[in-house]
Amino acid sequence: MIFSLCSLLLSSMGFWMISVLLVILGLVFLTQNTLGVGVSMLSCSMSLDVLSYSLIVLSFWITVLMFMSSGGIFINGFKEVIFSFMVVLLCLILLLTFSTSNLLSFYFYFEFSLLPTLIIILGWGYQPERLQAGLYFLFYTLVASLPLLLVLVYLYFNLGGLELFVEFKILSTTFSLLVFFCFTMAFLVKMPMFFVHLWLPKAHVEAPVSGSMILAGVLLKLGGYGFFRILYFCQGGLKLYGGYIFGLSVLGMLFVGFMCCRLNDLKALVAYSSVAHMGLVICGVFSFCLWGFSGSLMMMLSHGLASSGLFCVVNMYYERSSSRSMYFNKGLILVFPVFSLYVFMLCAANMAAPPTINLMSEIFLMVSMLKFDSLMLVVFPLASYMGAVFTLFLFSFSQHGKLFSGSMSFNFSTYRELHCLGLHVYPVNLLILKPEYFMFIN
């Protein structure tokens with residue numbers, strides 16, 4: 001209740017004041033906890049471990065950057081109070097989602113996060129197609145997660161509770177398969193996995209920059225977080241069918257790489273790259289290896305920062321050229337050399353180049369995938385190579401070439417934009433100095 005009252009107060013302030021106060025809240029959170037492999041109980045139904053702690057810090061960070069990147073909403077005065085309230089409310093929901101230790105509460109917050117995200121897409125999107133994108137986003141996730149609610153109710157009556165860190169009796173193999181399919185369907189759509197990813201490019205392309213940043217930065221991580229939490233409940237199904245999802249995720253990375261090489265929409269290309277990175281996260285979780293778990297967590301953090309930064313810089317180009325097409329956005333290194341430096345560093349992080357934490361996450365994931373099946377030595381390098389190909393395609397086509405003659409008048413870069421891009425780039429390059437904070441290893 002106190003946080004809700006504070007959010008109402010925050011929503012009437014300027015975006016700089018909101019950003020400063022959120023940074024202070026994040027610093028207070030950092031000082032009150034220490035990272036470790038154990039679980040610290042905050043209350044009867046709330047707890048923290050290394051996974052939830054890292055994602056809560058990421059939620060704070062991305063929320064601050066959402067306000068910084070949405071300066072146009074505050075400058076133009078377009079419903080900025082409602083916008084601020086929705087962003088702060090979404091941050092609160094994410095904090096509760098990552099800190100709850102009850103599966104039913106997790107489901108409630110998991111679904112409630114759809115509402116402010118949908119309002120942000122519909123209220124501040126750019127094109128009339130945002131209505132269709134909002135429907136795709138809503139119904140894909142709702143239809144896939146409704147069976148999960150029924151399974152949770154059944155689990156409650158059969159196990160006597162839904163607490164995550166309490167020992168329950170192991171489910172029978174038949175019912176474990178049903179639980180596995182209901183859980184995985186909800187989380188695979190949320191991540192999303194290839195074949196159930198069609199809502200993601202539509203939602204990203206039609207959403208405002210803040211909606212794309214929170215979608216790519218944090219909301220896609222809800223699926224990976226859910227997989228970590230349900231491993232104990234779905235042991236039978238994971239042993240029998242986990243390999244199929246594992247293989248489909250790796251092939252999805254390869255297919256997405258080929259698709260991205262023929263896209264000319266900058267925002268759609270960044271959105272499809274999220275599908276490839278989330279496929280790696282799925283492989284890490286389903287490898288049942290501590291290296292895979294650690295690599296998945298580092299991949300979620302690095303992708304949240306790198307992908308959010310790419311959406312941010314694509315929006316900066318869109319505000320100046322009124323187009324996301326690569327045919328119009330060419331030769332931009334001649335006009336915005338500072339932006340080009342940040343784009344290069346974000347693309348390097350996106351393709352797992354050193355010294356980003358993305359590199360360490362891919363090393364961990366590669367080892368865990370080879371441990372799962374040595375056949376991955378054939379598929380994974382090609383899929384990773386295609387990720388580097390379309391990232392270089394994005395950088396070279398947008399930064400080099402002849403400048404479009406119809407785009408001769410540009411606004412110069414502002415300190416707010418450079419500060420926002422810097423706060424994306426610096427963490428993803430500096431986190432590799434302390435990778436032990438994100439490892440599930442004693």
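Student: Which helix supplies the largest share of the nonpolar patch?

Tutor: Helix α17 does, with four residues. This is a predicted model, in which local features need pLDDT of at least 70 and side-chain atom pairs count only at pLDDT 80 or more, while totals for chains, interfaces and linings use all residues. Residues are numbered from 1 along each chain as its sequence is written, and side-chain values use heavy atoms, with hydrogens and water left out. Helices are DSSP runs of H or I with at least four residues, numbered from the N terminus.

Student: Which residues form the nonpolar patch on the surface?

Tutor: Nonpolar side chains (Val, Leu, Ile, Met, Phe, Trp, Tyr) are joined within 5 Å. Accessible areas come from the Shrake-Rupley method with a 1.4 Å probe. Here the members are Leu-290, Trp-291, Ile-363, Met-366, Val-367, Leu-370, Leu-375, Leu-377 and Val-378, with about 790 Å² of accessible area together. At least two residues come from each of α15 (290-321), α17 (357-372) and α18 (376-399).

Student: How is α8 to be read, and where does its kink lie?

Tutor: In α8 a kink of about 30 degrees lies at Ser-145, shortly before Pro-147. Ser-145 is also one of the buried residues of α8, buried meaning under 20% relative accessible area, exposed over 50% and partly exposed in between.

Student: How many aromatic pairs does a search of the whole structure find?

Tutor: Rings of Phe, Tyr and Trp (its six-membered ring) pair if their centres lie within 6.5 Å; planes under 30 degrees apart count as stacked, over 60 as edge-to-face and the rest as tilted. The search finds 27 pairs. Phe-181 and Tyr-241 form a tilted one, at 5.3 Å centre to centre and 50 degrees between the planes. Phe-181 lies in α9 (residues 173-190) and Tyr-241 in α13 (residues 235-260), so the pair ties together parts 60 residues apart in sequence. Phe-181 is partly exposed at 43% relative accessibility, as is Tyr-241 at 33%.

Student: What kind of pair do Phe-227 and Phe-286 form?

Tutor: An edge-to-face pair, at 5.2 Å and 75 degrees. Phe-227 is buried at 2% relative accessible area, and Phe-286 is buried at 1%.

Technical notes: The bend at a residue is the angle between axes fitted to the seven residues ending there and the seven starting there. Buried means under 20% relative accessible area, exposed over 50%, partly exposed in between (1.4 Å probe, protein chains only). Patches are made of residues with over 30% relative accessible area and no salt bridge: like charges are joined within 9 Å, nonpolar side chains (Val, Leu, Ile, Met, Phe, Trp, Tyr) within 5 Å. A salt bridge is a side-chain nitrogen of Lys or Arg within 4 Å of a carboxyl oxygen of Asp or Glu.
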